[in-house]
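Dear colleague,

I am handing over the structure below for your study. Please look through it first and then read the notes that follow.

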Amino acid sequence: MSLYLSYESSSGFSLLKVNGIDEIGQNTEAVRSSVSDLSRFGRVVELIAFHPFESALDALNQINAVSEGYMTDELRSFLELNLPKVKEGKTPKFSLGVSEPKIGSCIFEATKIPCQSNEFVLELLRGVRQHFDRLIKDLKPGDLEKAQLGLAHSYSRAKVKFNVHRVDNMVIQAIFLLDTLDKDINSFAMRVREWYSWHFPELVKIVNDNYLYSRVSKIIEDKSKLSEEHVPMLTEVLGDEDKAREVVEAGKASMGQDLSPIDLMNVQTFAQRVMDLADYRKKLYDYLVAKMGDIAPNLAALIGDMVGARLISHAGSLTNLAKCPSSTLQILGAEKALFRALKTRGNTPKYGLIFHSSFIGRASAKNKGRIARYLANKCSIASRIDCFADSSTTAFGEKLREQVEERLDFYDKGVAPRKNVDVMKEVIDNLEKKDEGEVTAVEGSEKKKKKEKRKTEEKDEVEEEEEKSKKKKKKSKAAEEELTTDNGNSKKKKKKTKSQDDE
């Protein structure tokens, strides 16, 4: 039984025939030893046919298809032309060695050519790859390396399938940074409170918010210098004039100890750092909301930006979250409780990260598990739409949110909610109508542009005709004037000739 090899290189498809298998045997070790010797390997493997790629884009498409296990029309025609024909009802007396089993099964299903992919075939293909530049005679030195480098760049770029606007890693890093910032801001704000309370202990009871406390301490600095001039600034920060006056009065009657200028300066610089961190935290939250609108708009519309980002971060990526069934998504973040319950044979947890959603908080105690299961189902649908949809829209997420609201009403009031099929059909119909409206609007704008062009062209033609008629009139007037002058001159000449004749 003869053996053929199908080899895909950066320059084209190659078909090779294996001769003299008895010399090296079917042993893999023998093949490995013969591969290094070109004179021995050249007697075993013979190049039968070579089909070069037309362009770099064609090479990329062909290699992508082979790597994903698809047989292109070019590869099929190349194999059918150069391999022996397989007759129906008879077993073929040859087999085709391929590098991957996927492409082998695809070739067998389409052409009934038997394929094999084992260690023996892979070692032979390794030898072909090593000596390929010598097997093709007309190949110039350096051409194969250039083709390999260009195809490697384009192939890796196509495999990554990088989309700048849909990078879920940015959301994961942002939500991690938000959590650490919250912890750091809380701990630093407590340190500011303790540090400045030695100087002004009454301020803690008046201003409760950490950020506002840092701003107020930055404005006050030394409590002994507090006066009515500080009231407008404090009012602007606190938003309440009565509180500002209370701070001023408490500063005048404060029991805190005095601090040296160096100590006050250190407290102020640290308070400024806390304020800067709080401001950066607000900017980072706005950035996270914007990225969630680009990456997972439906999930954000359904469950909120923060909870959606935490789900993506815990799953590892939006693709991993989309692959999770709704039962897994329901308990994401409660893995410890789940395994503890499985070990002790207790009650398993009903919710994980989705507990932070407002829907579960609004549900009654007996319905929390039900609404958590229903919400996890809708989150799974929304994440799959966000992951695999071509265009980003929040229409599905808004409708899924309406369904969760209807389910809450059903648990409380008994109002029957709509079916998921009907809701999805409604969303798809609305999107199609929007697309048609946009198309008609575009067509209408194009028609308007065409009409305007026609009008301008007609105006130009009319103006040109008017200019031409004016020019003709001017020419005719000039011709008439010339004729009149010529007639006058001729009459004068005639009179002169008559007078001369009389003389």
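**The sheet**

Strand E4, which spans residues 94-97, pairs with E5 in the parallel sense over 2 bridges. Gly97 has Gln116 of E5 as its bridge partner. Please bear in mind that this is a predicted model. In general, the strands of a sheet pair through backbone hydrogen bonds, either parallel or antiparallel.

These two strands belong to an open sheet of 5 strands, in the order E3-E2-E1-E4-E5, and the pairing in this sheet is mixed. Strand E3 (45-52) and strand E5 (115-116) are found at the edges with a single partner strand each, so one side of each has no neighbour in the sheet.

**The nonpolar cores**

Which residues touch the most other members of the largest nonpolar core? They are Leu288, Ile303, Ile354 and Leu375, out of 48 residues in this core. Helix H22 (residues 368-388) supplies the largest share, 9 residues. Domain 2 (170-284) and domain 3 (296-430) each contribute at least three residues to this core.

Leaving aside residues up to four places away in sequence, Ile303 touches Gly308, Leu311, Ile354, Ser357, Leu375, Cys379 and Arg401. There is also a second, separate core of 24 residues, with Ala189, Tyr196, Ile220 and Leu238 among them.

The C-alpha atoms of Glu249 and Ser227 are 8.7 Å apart, although 22 residues separate the two along the chain.

With kind regards

Key
Residues are numbered from 1 along each chain as its sequence is written. This is a predicted model: local features need pLDDT of at least 70, side-chain atom pairs count only at pLDDT 80 or more; totals for chains, interfaces and linings use all residues. Side-chain values use heavy atoms; hydrogens and water are left out. Two strands pair if DSSP finds at least two bridges between them. Helices (H or I, at least four residues) and strands (E, at least two) are DSSP runs, numbered from the N terminus. A nonpolar core is a set of buried Ala, Val, Leu, Ile, Met, Phe, Trp, Tyr and Cys residues joined through side-chain atoms within 4.5 Å. Buried means under 20% relative accessible area, exposed over 50%, partly exposed in between (1.4 Å probe, protein chains only). Domain bounds come from an automatic or database domain assignment. Contact means heavy atoms within 4.5 Å.
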